[in-house]
Amino acid sequence: MSPAMLAVHVGMLVLVPPLLLGVIGRVKAWFAGRKGPPLLQPTFDILRLLRKGAVYSKTTTWVFRAGPTVALAATLAAGLLTPLASSSSPLGFAGDVVAFAYLLALARFFTMAAALDTGSSFEGMGASREAAFSALAEPALFSSLVIICVPAGSASFEAAWRALPWASWGSAHPSYLAAAIALFIVLLAENSRIPVDDPNTHLELTMVHEVMVLDHSGPDFAFILYGSAVKLFVLAGLLVHLLLPIPPDGGWQAVLLFLGGQVGIAVVVGIVESSMARLRLQRVPQFLVGASVIAAIGLAAMFYRGLR
Amino acid sequence: MLVPVLGAIALLLASALAAVVLARSDRAALGVGTVGCVAACLIGGGASLGALLRGDADTEWRARWSPPVGELHAGLDALSAFFLLCVFVVSGLAAVYGAGYLRAYFGRRPVAPAVAWFGVLVAAMAALLVARDGVLFLVAWEAMTIASFFLVTFEHEREEVRAAGMTYLVASQLGVVFLFVLFAVLSRGGASWDFDAMGPSSRALASVCFGLAVVGFGTKAGFWPLHVWLPEAHPAAPSHVSALMSGVMIKMGIYGLLRTLSMLGGPDATWGGILVAVGGVSAIAGVLHAVAQRDLKRRLAFSSVENVGIVAMAIGLGVIAKAHGHASVAMLAVSGGLLHVLNHGLFKGLLFQGAGAVLHATGTRDMDALGGLSRRMPFTAAMFLVGAVAICGLPPLNGFVGEWLVYVASFRAASSMTGASAVGAVILVPMLALAGGLAVACFVGAYGVVFLGEPRTSAAERAHEAPAAMRAAMALGALACIAIGIWPAGVLRVVGPAARQLVGADAASVETAMPYGVTRVALVLVLLVLALAFVRGRLLRGRAVRTATTWGCGYAAPSPRMQYTASSFGAPLLEPFVPAVPIHETQTGPTGLFPLDARHEERVGDLAGDRLFLPAFRGLVRAFSRAHVLQAGRVHVYLAYVLVTLVVLLAWQLRGTP
């Protein structure tokens, strides 16, 4: 990876994610007939939080303080593994697909541990739900990753995106469609979006992700907000690569196409959030298992092609 | 390099004997046992590590004396050397830990039996790994079972410990029956018990042998549904023995399976499919039951079922790939599986030692009675956290490396294979992913409920840090987890020879560039954490940082009992899986205008135990009780039996004579 591409990659990874939250907010406002906050509002929020002090519960230990830091570091490391506006990434290697998924799991591990560190039943409840939902989303994520990687024959993003056969996307590869749907559901679930979770809910009892971070404040909370934006960005990056022919060797067209794709996904997320109610908690597992089933059907279709 | 290993076995037995001789003084027995065991583990571990790194493992030794059946034939090859390394590393750490842990029993009960049987157990495991003769192998196998039985029943005055010991003994003996048949078939009816000459006489018999090995060795390894003894026996044993049993003893089943596979000639892809299925079911069922447990050590024991399942899946994938001639995929899968054997020994040992420290400090294993231990025993808490992150397979620790190799193998198999075998290879990915996701839930829950938050009982409040020997063993285990996670290329040099021996001589080693990719990610991750921690520290410096109570949504009088417990943490996770993890509820609701009493009780069942083995054994008891009519209790009736038998035998012998 050339220094210029590295700079573009890191620059996008650091700067773009909060903007996507702004786009989602604007879309939701538009649907609600409001003007909505400025696109940069999430960025302003994060910067404001970074300037604040902090309040810690006397129950908490170092785990609570380390949680947001480790989670953000793991998410950023995942962002350095996945290709953005080209087919290569700074840390990519043969097998980076698995490392990507497990880095996101590491982020989750520490977010949940920090929540349990407060000793609050609300945060325990949030951690418990997050654990349940993300465990059920894992097979869908991995099955989609297998579908993406089959043509390349390697568990590497670079090989996968280079080998994706664009000419026959629609007709011969319904598997990709299945993978895209499953990945989109995983993206909604992992980023605590409607219909799995409502980021704007105001009742602690119904929250999933938000309730886990109730006690965080100041720079820690900024890390959490920023980390969840980065997570949305990197997961959406997979979808963009799957759905759009990003030029493998980068260049300004690739950057424009990639950013366009990201904005597109943010708009779709905003539309989903505006047009749906969240599911009842007991329904969420069915929704996630449904994603796994869709991905499994995609896998089966792939092998049906192989058996032919 | 066989001689040092045999020397280590002799040293282990000698120190066990010395512990028995010095039994009058607990201190002396524990001291001599620990020193002997640690020295033997250093010698044996060093020898097997050297043999693996230098690649000169293949050596043999035959005694110039042959017992009536079989002979004393020992050998060392890469496979044996790798498992020996696992045994010696985990046993050495467990022995150091035991030196601190058993001290708590001084004056309450003699500790010499525990020390002596510990030495015998390690010696038996090492002996069965170097045995190259069927009879010698089975003798060592039985010695391992008996030694571990006496260790499990160490606290034999407790009813549940005796019951656990009995379950363990019966299950082991049932398993070993399959091994007797297996070895009888492999020796071609006793023609030769030498491993070099053993093998099936036809392809059909090879499949029979595979089935016998899966059941016989699978009972020891803890494959679902043969695992029922495991969550009873492992928690009942003293914690350093639990670490040894879960860490390495169950892996002897994996070794036996691999050794049998290497005797069966070219594998059948179907066998691999069976192993993937058995492993996948073990992994998912194991971790689901683990989530449902309140008892910390029981949770760890069920998680061993999960991890053995992961190893079985990896071996299954290796078998499929080898049967189809994909040596590089097989190499990745088998390397991943073997590495997971070592990794699981390290982090499960660490976790059991952490659980032992908790038990030592609070006297309870019930997670819902603990909490807030991180403040009272910060060192143990940090070590347990390392073990928990490692067992979830998260980077940058060792658990990730093993699972990552298996995933990469499966991803490659997906595109290079076709047909049913490809399905067998690819189905592994979602199963492993689900097990991984559930493992995160299981161990975040365990760590969070036990170590974080506020203490739920006064026992947890009065907890204290573990003694130095126990802390040292945990620290060494944690360091090994970190080292392997950050530098997988190093450990792959140790795993490589063993994997190559199983896959075939022509197999290329794992590409050297790949493990360095993991190293790079691990280092960048650590750097990012440090950088962000630095930024956070700078930002907070000089600002108002206050402490307050946890936000209780406006509720003014929170109590530690309101915290989420292990049971409540696991509940939403188990709900979708209820038929597989039966939860028996009994409830007495409040009645009347002034209700005095209401209770709700939940017991988590085990499908295999409740639906399979319990009815089977009840049926057996019923069938045998029918035979009670024969046992009349009167001597003349028994004399009549003897007479009838004699007459029948005479008639049978004399048939045909004119």
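Okay, let's start in chain A, where the axes of helix α1 (residues 3-32) and helix α10 (residues 218-243) come within 8 Å and cross at roughly 90°. The axes here are lines fitted to C-alpha atoms, for helices over the stretch in contact, with angles running from 0 to 180 degrees between N-to-C directions. So α1(A) is roughly perpendicular to α10(A), a label used for 65 to 115 degrees, with under 35 being roughly parallel, over 145 roughly antiparallel and the rest oblique.

Before going on: this is a predicted model, where local features need pLDDT of at least 70 and side-chain atom pairs count only at pLDDT 80 or more, while totals for chains, interfaces and linings use all residues. Residues are numbered from 1 along each chain as its sequence is written, chains are lettered from A and ligands numbered from 1 in the order in which they are written, and side-chain values use heavy atoms, leaving out hydrogens and water.

Back to that crossing. Contact means heavy atoms within 4.5 Å, and α1(A) brings residues including Met12(A), Leu13(A) and Ile24(A), while α10(A) brings, among them, Tyr226(A) and Phe233(A). By class there are 15 nonpolar residues, no polar and no charged ones.

Now, chain A against chain B. Here 77 residues of chain A touch 75 residues of chain B. The buried area is about 6,400 Å², and carbon and sulfur atoms give 75% of that; buried area is the accessible area (1.4 Å probe) that two parts lose on being put together, summed over both.

How many salt bridges does the rule find across this interface? One. The partners are the side chains of Asp220(A) and Arg536(B), at 2.6 Å, N to O; the rule asks for a side-chain nitrogen of Lys or Arg within 4 Å of a carboxyl oxygen of Asp or Glu.

Which element gives the most to chain A's side? That's α5(A), with 17 residues. By class, the side of chain A that touches chain B has 50 nonpolar, 18 polar and nine charged residues.

Last stop, chain B. The axes of α5 (residues 134-152) and α6 (residues 159-186) of chain B come within 9 Å and cross at roughly 175°, which means α5(B) is roughly antiparallel to α6(B). Trp141(B) and Phe149(B) are among the α5(B) residues in this contact, and Tyr168(B) and Phe180(B) among those of α6(B). The class count is 13 nonpolar, six polar and one charged.

Notes
Helix = DSSP H or I, 4+ residues; strand = E, 2+ residues; numbered from the N terminus. Nonpolar A, V, L, I, M, F, W, Y, C, P; charged D, E, K, R; others polar.
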